[in-house]
Amino acid sequence: SIYEMFGNECCLSTGEVIKVIGFKINKLIASICENNEVSRFSAKVELPLNFPGLYKVVADKTPYVSVEEITKKVSIGPTRFGHPCFYSPEDIKLANLIIKHGEQITFNSVEEVNGTMAVNCGVVRNNQSHSFTLPLSQEGKFYECEDDQIYTLKEIAEWKIPKCRNRIVKLSNTLHTWDSSNPLPENFDGCLVLTPVYEVQAVMKFRKDIVHILSDLDVEVKDITDCYDISSFLQPLSLEDVFERTSKEFPMVVEIMEGPSGSQNPYNSLHTGKEIVIYKKYQATRVLASEIRSDSPKRHFLIPLSYKGKFKRRPREFPTAYDLEIARSEKEQLHVVATKAFDSPHKELFSVSVGDQFLVQQCQTSEVLYEGRKKVIDVLACEQILSDTYKKVLLPMYMEGGFVEVIHDKKQYQLSKICKEFRLPFNVKVSVRDLSVEEDVLAAVPGLQFEEEITDSYLLISSTNSPAESWEIPVYRLNMSVHLLSKDVQTVVPPATKTTVEEISEEQYYMVRRYENQTLHPPPRPPKKPT
């Protein structure tokens, strides 16, 4: 049987030995659903896994009948996606704990406990986490909990579609402009029923790449696992698999079995068959930056602190007086110009005209007369700049106006110094490009907003045939498979690391911000008008 998949012709001849290394969703068949049910007249559309958009998962109303069924059908693993949550409509009595009905149970990992397979679980009570195990033999009804996270289609396919079940998702954010090539209706914001189409991932004895076989390919096979030496096959490793290895196993030499597709420089040099050295694994800091522009789509970047270009400041915009309070610092006085008029309902507070200039001082409270009664409200003390003097004024913190920063600082800054001396978000433009790289992608961007510092996982690599420089590759944003080579690393000390500014997609931008902000409390809302 000869077939072509992803541009590669593959011959499956009689007697060919294939090692199946995994099953993977290749694409999704989507049907529009109403009231969580598919209409008989609903057209089916095919969606690739990279179809743009962010989605919320609708909890499955069909219960699981045992913990074992959950472990067989639901992905449970070490990553941030691999911790599904369930609840039981009945109390579960354990030796030292009673899980109350309706209480959210997080499934963290599956392992052997005292000779019995069990799931490590947790519940949160009064902001305290309580850990316990549930044996796979535990029976009862287990329902999925509601999930308020957002996911890409690829993440849903990898982690959120149980085996032998469909998945209903609700479109949360389209992230792109609709056009006629979009298989979904214009302005669609409803629910979709996703039916997965699987492919088999396999390795063959005399090939160094991974073979993808659609699950509906008409080929007869026989299981010979018990009578064949499977160690003679190559063992593919994902970047996540490599990252989970102990630090003592680095450096290592690997050969790429499947390189990333359509990637930017320098990742486009990582093609199938290329040998690379992986020196070490580590967590590294990046600054998440977005292009400053009023229309969309904006470009987004992850910039290493080793970036060698220089930046000049650009004015920030503030929609409320409350934002001025957040942005002010002890180091320098914030000078702003009003871009929107505001009429104060209280005679004790200042009414703002377009063009008024202020030096922001501090937050304080003030007594105002409201409907005949005195009320204490939060206000922002400022100095209005007049032609020859300054006038002390109070702006209500709830004031929705508009302000633009006046920049007096003309200095040029390295990225690391900006992160050390200023509070993000921070607006800049490149004044001196990074001369250590052939093309500095940031230099062509008219303005950037540094949004936040993030921490991410990286591998430090170099090419075996030109080890003059090394560069970092992101573990969770680069789809690549490698296999280990039994070769000695010529130099244990990595060469100089090349700065790589990574441009990320809109979906990746939302994902990065989502992960980073999971542990942060949302900022307080600005005060409301007194009532």
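User: In what sense do β8 and β14 pair, and over how many bridges?

Analyst: Happy to start there. As a general idea, two strands pair if DSSP finds at least two bridges between them, and strands (E, at least two residues) and helices (H or I, at least four) are DSSP runs numbered from the N terminus. Here β8 and β14 pair in the antiparallel sense, over two bridges; in β14, Y143 is the bridge partner of Y87. Keep in mind that this is a predicted model, where local features need pLDDT of at least 70, side-chain atom pairs count only at pLDDT 80 or more, and totals for chains, interfaces and linings use all residues. Residues are numbered from 1 along each chain as its sequence is written, and side-chain values use heavy atoms, with hydrogens and water left out.

User: Which strands make up the open sheet, and in what order?

Analyst: Six strands form the open sheet, in the order β7-β14-β8-β11-β12-β13, with antiparallel pairing. β7 (64–66) and β13 (128–135) have a single partner strand each, so they stand at the edges with one side left without a neighbour in the sheet. From one strand to the next, the twist averages 45°; axes are lines fitted to C-alpha atoms, for helices over the stretch in contact, and angles run from 0 to 180 degrees between N-to-C directions.

User: Now a side chain: is R313 buried or exposed?

Analyst: The general idea is a cut-off on relative accessible area: buried is under 20%, exposed over 50%, and partly exposed in between (1.4 Å probe, protein chains only). R313, which lies in strand β22 (residues 310–313), counts as buried because its relative accessibility is 9%.

User: Which side chains make polar contacts with the side chain of R313?

Analyst: A polar contact is a pair of N or O atoms within 3.5 Å; within protein, one must be able to donate a hydrogen and the other to accept it, and residues adjacent in sequence count only if both atoms are side-chain atoms. The R313 side chain has such a contact with the side chain of E332 at 2.8 Å, and another with that of D409 at 3.3 Å.
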